[in-house]
Amino acid sequence: MTEFWRRWLIVAAGVTALAGLGFAASAAVGATGVLGAIFKVVYLPGELQAPAGEVASFSIGVAGAVMMGWAAMMLVLLGSRNASVLPSTWWALTVGLLVWFVVDAIVSITSGAIGNVVLNVAFLALFTPPLILTRPGRARIAAGGTSATHT
């Protein structure tokens, strides 16, 4: 991959992260005006008065699509034996999960959806043991060595 395309993808990932942060922050602070403006863009003219159930259905559908994309990325990262042992793969998975968990928990708590936090803890628990046990440098530490770097 050329440097141009690598940087392009970095910018695209940054835009995606900022959009996600904007959506999450809008929901967390109850910025209904911002959310209303977003829904005016995503619903066609004439359909701007979508019932709450349709808006909730749309939101859950989009969240599901994002989760599917996130899962696909994880599968690609883990698909190659060589790539899955790279410290960068571990860091990508771990940081991605932690950012999701913290932001989702904040939004859930401020929205009064404590049950979602409980579900998220269970979901996070699926990933925690292998991430702890495959942490870069863990084998050297367990063998009595030191690990001062991570990449």
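User: How many residues apart are Arg6 and Glu3 in helix H1?

Analyst: They sit 3 residues apart, about one turn of helix H1. A helix here is a DSSP run of H or I with at least four residues, numbered from the N terminus. Bear in mind that this is a predicted model, where local features need pLDDT of at least 70, side-chain atom pairs count only at pLDDT 80 or more, and totals for chains, interfaces and linings use all residues. Residues are numbered from 1 along each chain as its sequence is written, and side-chain values use heavy atoms, with hydrogens and water left out.

User: Why is the link between Arg6 and Glu3 called a salt bridge?

Analyst: Their side chains come to 2.8 Å, N to O. The term asks for a side-chain nitrogen of Lys or Arg within 4 Å of a carboxyl oxygen of Asp or Glu, so this pair qualifies.

User: And what is the distance between Glu3 and Arg7?

Analyst: Also 2.8 Å from N to O, and this pair makes a salt bridge too. Glu3 and Arg7 are 4 residues apart in H1, so about one helical turn separates them. The whole structure has 2 salt bridges.

User: What makes Glu3, Arg6 and Arg7 a network?

Analyst: Shared partners: the salt bridges join the three residues into one network.

User: How do you know which of these residues are exposed and which partly exposed?

Analyst: Compare relative accessible area with the cut-offs: buried is under 20%, exposed is over 50%, and partly exposed is in between (1.4 Å probe, protein chains only). Arg7 has 54%, so Arg7 is exposed. Arg6 has 39% and therefore counts as partly exposed. Glu3, with 37%, lands in the partly exposed class as well.

User: Which residues make up the largest nonpolar core?

Analyst: There are 9 of them: Trp70, Met74, Trp90, Leu93, Leu97, Trp100, Phe101, Leu124 and Leu131. H3, H5 and H6 each bring at least two residues to this core, and H5 has the largest share, with 5.

User: What is Trp70 in contact with, beyond its neighbours within four places in sequence?

Analyst: Contact means heavy atoms within 4.5 Å. Leaving those sequence neighbours aside, Trp70 has contacts with Gly96, Leu97, Trp100 and Phe123.

Conventions
Core = buried A, V, L, I, M, F, W, Y, C linked by side-chain atoms within 4.5 Å.
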